[in-house]
Amino acid sequence: MRKKWWPLLAGGVMLLLAGIGVWRAALDRPEAVSEEKLNGPALNKAIDRVVAPTHFKGAIAAIKNGQVVTVRTYGYANAQTKQPITGDTLFPIASMEKPMTAALIAQLIREGKLNYTTKLSRFYPAITGADQVTVRELLNHTSGLAMDEVPPASELTTDKAALAYTVHEVTNTQDKSFNYTNANFVLLAGIVDQLTGESFNQALKKRILDPLHLTHTYDYRVIPKGSVVAEGYKYDNGRDYVPEELDHKLLSSLLGTGSLYMSIKDMAAFQLALSDGRLLTRPQFKELTEQPDHDGNYSGGFFNLDEDTRLVVGQYDDFPNSFNTVFEAYNTNSAGVLMFANQFTDADTKKMAEEILGHL
């Protein structure tokens with residue numbers, strides 16, 4: 001998602017987030033407090049120490065040597081009913097859906113149905129300048145397209161409606177510099193629809209969820225009754241669990257870019273499968289995620305912090321003070337940290353993830 005207060009990544013990673021209400025702030029890559037490598041109970045205690053001074057509510061998963069080594073949970077999914085968060089609690093994942101959309105596109109490229117230089121005009125000729133926009137540029141937010149992240153007047157109930165809304169609202173600035181815009185990935189989801197002959201979520205289920213046995217991932221409209229779903233909160237005036245409701249109209253416009261709810265366990269499994277041959281081979285993953293066509297170092301759903309480390313951060317512009325997702329990992333998948341939060345605090349979850357990563 002395009003975030004009002006997404007940080008700029010120092011050292012050459014500049015996030016030029018365009019649009020109404022987008023703030024620019026520097027995010028320095030912090031040094032971890034400790035580089036002591038930990039396992040088992042010692043690792044759990046270290047994670048708890050990182051969380052203790054904050055009002056973080058949510059789940060944290062640590063990945064090491066190709067497997068999830070721990071999942072820690074804090075607080076309530078629903079404060080009113082005192083429903084605790086577990087590793088299977090469903091969170092809205094915001095921009096962490098973008099790597100899933102990118103993976104589907106990479107699979108279709110592998111199958112010869114398009115390539116990174118395919119023009120957007122093949123799929124959406126009505127968009128101004130679509131013949132000058134490539135699939136690679138959509139994946140890397142260098143298409144020149146721009147669109148404000150605001151809820152539509154009414155909920156969009158189908159892929160067709162979400163795509164029609166985007167095609168109508170998007171503009172082409174013809175500026176090929178990096179500009180983080182959700183419309184790029186909504187259109188990529190539409191390309192998945194066209195090439196597979198299925199809805200985006202049908203294609204996602206068939207190509208990613210079912211092969212990986214991910215049973216806690218759903219579009220927001222079809223979450224099964226009885227599922228444990230995280231409600232949104234903020235820490236405000238010394239109080240935890242001040243409600244911050246997420247607008248379903250906004251979610252309905254974010255096809256392929258922020259309409260999914262997912263458990264942290266499912267997301268960890270997806271991230272591990274991205275490059276080990278189950279979803280993409282290592283060369284396919286590198287081609288997708290490590291070839292930015294600009295200076296911003298964003299490629300295929302990830303920011304490349306440096307040659308070794310990748311990052312995804314997700315929040316919602318409409319309600320920035322509730323849900324937040326972070327994934328930071330080494331490109332080899334030797335270690336990584338996932339954080340799903342359902343309460344905003346003044347704690348920097350990116351720095352918290354960095355500190356935990358230093359222990360893995």
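Predicted model: local features only at pLDDT ≥ 70, side-chain atom pairs only at ≥ 80, totals over all residues.
**Entry 1: two helices meeting**

I started with the H2–H6 contact, where Met100, Thr101, Ala103, Leu104, Gln107 and Leu108 of H2 meet Phe200, Ala203, Leu204, Arg207, Ile208 and Leu209 of H6. Contact here means heavy atoms within 4.5 Å. Helices (H or I, at least four residues) and strands (E, at least two) are DSSP runs, numbered from the N terminus.

Residues are numbered from 1 along each chain as its sequence is written, and side-chain values use heavy atoms, with hydrogens and water left out.

I sorted the H2–H6 contact by class and got nine nonpolar, two polar and one charged residues. Nonpolar covers Ala, Val, Leu, Ile, Met, Phe, Trp, Tyr, Cys and Pro, charged covers Asp, Glu, Lys and Arg, and the others, Gly among them, are polar.

Next I checked the geometry: the axes of H2 (residues 98-110) and H6 (residues 200-209) come within 11 Å and cross at roughly 75 degrees. That makes H2 roughly perpendicular to H6 (65 to 115 degrees counts as such). Axes are lines fitted to C-alpha atoms, for helices over the stretch in contact, and angles run from 0 to 180 degrees between N-to-C directions.

**Entry 2: the sheet**

I traced an open sheet of seven strands, antiparallel in pairing, in the order S4-S3-S18-S17-S16-S15-S14. Its edge strands are S4 (67-74) and S14 (298-299), each pairing on one side only. Strands pair if DSSP finds at least two bridges between them. I also saw that H1 (residues 40-51) packs on the sheet, touching S3 (58-64) and S4, and that its direction makes about 40 degrees with that of S4.

**Entry 3: helix H9**

Which residues of H9 (residues 282-289) are buried? I found Gln284, Phe285, Leu288 and Thr289, buried being under 20% relative accessible area (1.4 Å probe, protein chains only). They cover an arc of only 110 degrees around the axis, so they lie on the same side of H9. The arc is that of the directions from the helix axis to the C-beta atoms. These buried residues pack against H2, H3 (135-140), S14, S15 and S16.

**Entry 4: loop residues**

I looked up Thr181, in the loop between S9 (171-172) and H5 (182-196). Thr181 counts as buried at 1% relative accessibility. Not counting residues up to four places away in sequence, Thr181 touches His141, Leu145, Ala146 and Met147.

Ala94 sits in the loop between S7 (91-92) and H2.

Definitions and conventions. Parallel < 35°, antiparallel > 145°, perpendicular 65-115°, else oblique. Buried < 20%, exposed > 50% of the residue type's maximum accessible area, 1.4 Å probe, protein only.
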